Amino acid sequence: MKRQTILRVVSKLIIPLILLFALYVQFHGDYGPGGGFQAGVIFGAGFVLYGLVFGLEALRRVARPAFVESLIAFGLLLYAGVGVVSMLRGGNFLDYGVLAHDPVHGQHLGILLVELGVGITVAAVMITIFHSFAARGDAR
Amino acid sequence: MTLLVCTAVIVTRLRNLFATVMLTGIYSFLGAGWMLLLDAPDVAFTEASVGAGISTVLMLATLALTTHREKRSEKKQWLALLLVVLTGAALVYGTLDMPHYGDPNAPIHTHVAPRYIEESPEEVGVPNIVTAVLASYRGYDTLGETTVIFTAGIAVLLLLRRRRESRRRGAEDPR
């Protein structure tokens, strides 16, 4: 698909918007519909589109597989880490109220971090699955 | 709803797998629109991006690895049809006991939901109650879900990666 000029130009226009929209869904999840899962999938879809149009080699240069795979674990660790930190600060596991001086602020911070963890894991898993499927096709 | 049923029937009738994949994408979009009508934009979001976007791409990648045509099976699977009809009938029978859609006295609206709606603005301070429930009240569940996704990603990596490396080693291609 590398020679399709229209596809290349249009996806170059669209991909930044997709990524921006994903970030909006991620960090605006407190106020509107959306959250980590949806944002992660949209973010991953942006990368998948890039890989489809510009080829796997280009995708590998942008998102190195080893890095993306480590992000899978990092997202989950961030989630669980928030729980552990709230335990260290004297609350229950995943009790965000103790993360800041004001319980409501703590809840905000906790939800933000936790959703970020979910988003990172989901996006990384999506990119990794697409990559491993497509790489098998290349190996043929 | 009618469109959903139509698409499902066409999917089962078609033999061309490429068209089937495209139709499942359309099915997901219709499902997303339906969820939006039911005032569940979060679910619609997920359905549109996962069902229509990512899984269509993954199915296409799988098709590129395998074949475009479905093998025609000669035997009619009457036992399977009977089982499916029975299960469907049992499920429909089960829904007869469920409260009507939007019934304010339904158990789901009288258990913990009022507390979430009334107190989450003070306790959590997040305008989107769905997010508050998902990330704060049900934090354990969401942690579990994230772990499921993590495990799925690792499993796909293990299955596909090992196959590729053994093939590479077999071809004696050092890299």
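Okay, let's start in chain A: helix α1 (residues 5–27) and helix α2 (residues 36–54) pack at an angle of about 165°, with their axes 8 Å apart. Helices here are DSSP runs of H or I, at least four residues, numbered from the N terminus. The axes are lines fitted to C-alpha atoms over the stretch in contact, and angles run from 0 to 180 degrees between N-to-C directions. So α1(A) and α2(A) are roughly antiparallel, the word for angles over 145 degrees.

Quick caution: this is a predicted model, where local features need pLDDT of at least 70, side-chain atom pairs count only at pLDDT 80 or more, and totals for chains, interfaces and linings use all residues. Residues are numbered from 1 along each chain as its sequence is written, and chains are lettered from A in the order in which they are written.

Who meets whom? Residues of α1(A), including A:L7, A:I15 and A:F21, meet residues of α2(A), among them A:I42, A:F43 and A:L49; contact means C-beta atoms, placed from the backbone, within 7 Å.

Now, between the chains: the contact takes 39 residues from chain B and 44 residues from chain A. On the chain B side, α3, α7 (129–137) and α8 (139–170) each supply at least two residues. The largest share, 16 residues, comes from α8(B).

Last stop, B:G53, in helix α3 (residues 41–65) of chain B. Is B:G53 buried or exposed? B:G53 is buried, because 21 other C-beta atoms lie within 10 Å, and buried takes 20 or more. The C-alpha atoms of B:G53 and B:I117 are separated by 33 Å.

Notes. Buried ≥ 20, exposed ≤ 12 C-beta atoms within 10 Å, placed from the backbone. Parallel < 35°, antiparallel > 145°, perpendicular 65-115°, else oblique. Contact = placed C-beta atoms within 7 Å.
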